[in-house]
Amino acid sequence: MVNKIGRRAALGVLAAGAAGVAGAAFLPRHSPAVADAVSAGSDWSSLSALLGDRLVLPSDARYEQERVPFNLLHADRRPAALAHVRTPEEVRACLGFARSAGMPVAARSGGHSYAGYSTPQDGLVVALDGLNGVEVHSDGTASVGPGARLGDLYAALARSGRCLPAGSCPSVGVGGLALGGGIGPLTRMYGLTCDRLVSARVVTGSGRAVTASADSEPELFWALRGGGGGNFGIVTSLRLATAPAPRLAVFSLKFPAGTTADVFGAWQDWLADAPRELWTNCTISAGEPPKARVAGCFVGSAAQLDPLLDDLERRAGVRPSARTVRSRDFLDAMRYFAGSSDKQGFAASSVVLRQRAEPTTVEGLVTGSAGLDVIVDGLGGAVGDIAPDDTAFPHRDAMATAQIYASAKPGAAGSATARVRRVRDRLRDVAGTGAYVNYIDPDQPTGDYYGTHLSRLRSVAATYDPDRVLAFPQSVAA
């Protein structure tokens, strides 16, 4: 990304976060000496014999670099070890070791968990970077390892002329993103990433290797489609239904300061009337006064998109200070949205918007909160084609998700976190309830993420992880 936030492109497109394929039962943070003592006190011989130098302990030179997650606010977390696995059998061995040792365990597909849940303090990180293969089949499905990063996944699909709706940040792992839903630039046209799941191979919390699909382990299959990562087991492979890769028209409209209420009000009405070929978001950047920018893409040509953008300008009664429209193929469009993958510190939270938000109220929420962005990503279209109870994703009827995001430095995050949560709470009061699990925030109630599906998800977790090996503070079993 090129702006001050770093993870977000200047055009304000979302980079869907990933909670990790498995969560962790967290212990209080301890000093490095305690983490080293935990590692020294554990008998790592069995895992070491299995993994060799792919088991990374605090005494290893690689440990300091590999332990640090994407969000640098959690850079002080010191896991007992990181196990780089390549097979389901190795995943099962790691879960068995953690169960026997009574040790927290979490899978890490990309390390982007906003709350750092993929880096358990004094626990075992099951690193899925070795399970990163992408194979496109003749029937249009693709077998994808959970550790495949979105940038690599898109490139592999494009070589076969295929696409998949997913996020935009290229270093996010597909496993965590898909299990939590998966929102991105193709969402309104092709649905959520989890909607494309045909089957998944899973090592459950109880240590069983199963295949979940509509015909096999159907309750687990239901839960994996939007029920969040880390609740039932560790996914070792996903089979996803792809689509022919389209040409896209990408766009960015930047509006002058002081016009935010007009733009955001018009954008909400415009989104409600837009064809599903159009995906868009509206980013409101705090300041005195705030600024708004609208970005997105259209499945089609720039000539088809231009009248839609003209309509937005007419509704807002404001001309943008900059308007950019470019025609690109699928891979180039995903790269256009991608930005930087550099690790950074940030505070973030989310609200699911279920009704139109009063634009002047939203503008007032961010006035004076310098360094904070509210990124409102449109839903609708294909997302609403699936009945609310057909998958575990609980927000089928929502208008949009809003992510509240602020850069923060490790050791000095208190102010940013407070500003994010203040805006989040006030936005909930005026626009809706619920939250998106891939933007997980330790301060939010668990039920916000799972909605009316929480009870059913708890039942699934009790079946596949009866000993709560994978439980973490906001898991369905919490």
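Glu217 counts as partly exposed, because its relative accessibility is 24% (buried means under 20% relative accessible area, exposed over 50% and partly exposed in between, with a 1.4 Å probe and protein chains only). Glu217 is found in the loop between strand E9 (209-213) and helix H8 (218-224), and its phi is near 50°, a positive value in a residue other than glycine. Helices (H or I, at least four residues) and strands (E, at least two) are DSSP runs, numbered from the N terminus.

The model is a predicted one, in which local features need pLDDT of at least 70 and side-chain atom pairs count only at pLDDT 80 or more, while totals for chains, interfaces and linings use all residues. Residues are numbered from 1 along each chain as its sequence is written, and side-chain values use heavy atoms, with hydrogens and water left out.

For the protein as a whole, the secondary structure comes to 15 helices and 18 strands, and buried residues make up 62% of the 478 residues. The C-alpha atoms fill a box of roughly 70 × 50 × 40 Å, taken along the principal axes. Among contacts (heavy atoms within 4.5 Å) between residues at least 6 apart in sequence, 75% join residues at least 24 apart.

His84 lies in strand E2 (residues 81-84) and counts as buried, because its relative accessibility is 13%. A polar contact of 2.9 Å joins the side chains of His84 and Asp129; such a contact is a pair of N or O atoms within 3.5 Å, where, within protein, one must be able to donate a hydrogen and the other to accept it, and residues adjacent in sequence count only if both atoms are side-chain atoms. Leaving aside neighbours within four places in sequence, the residues in contact with His84 include Leu51, Arg54, Glu90 and Ala127.

| Residue | Loop between |
|---|---|
| Ala61 | strand E1 (55-56) and helix H3 (63-66) |
| Asp122 | strand E3 (105-108) and strand E4 (124-127) |
| Pro289 | strand E13 (278-285) and strand E14 (291-299) |

Ala61 counts as exposed, because its relative accessibility is 83%, and the C-alpha atoms of Ala61 and Gly364, 303 residues apart along the chain, are separated by 49 Å. Asp122, by contrast, is buried, with a relative accessible area of 4%, and has a positive phi of about 60° although it is not a glycine. Pro289 is joined to Glu288 by a cis peptide bond, with omega about 0°.
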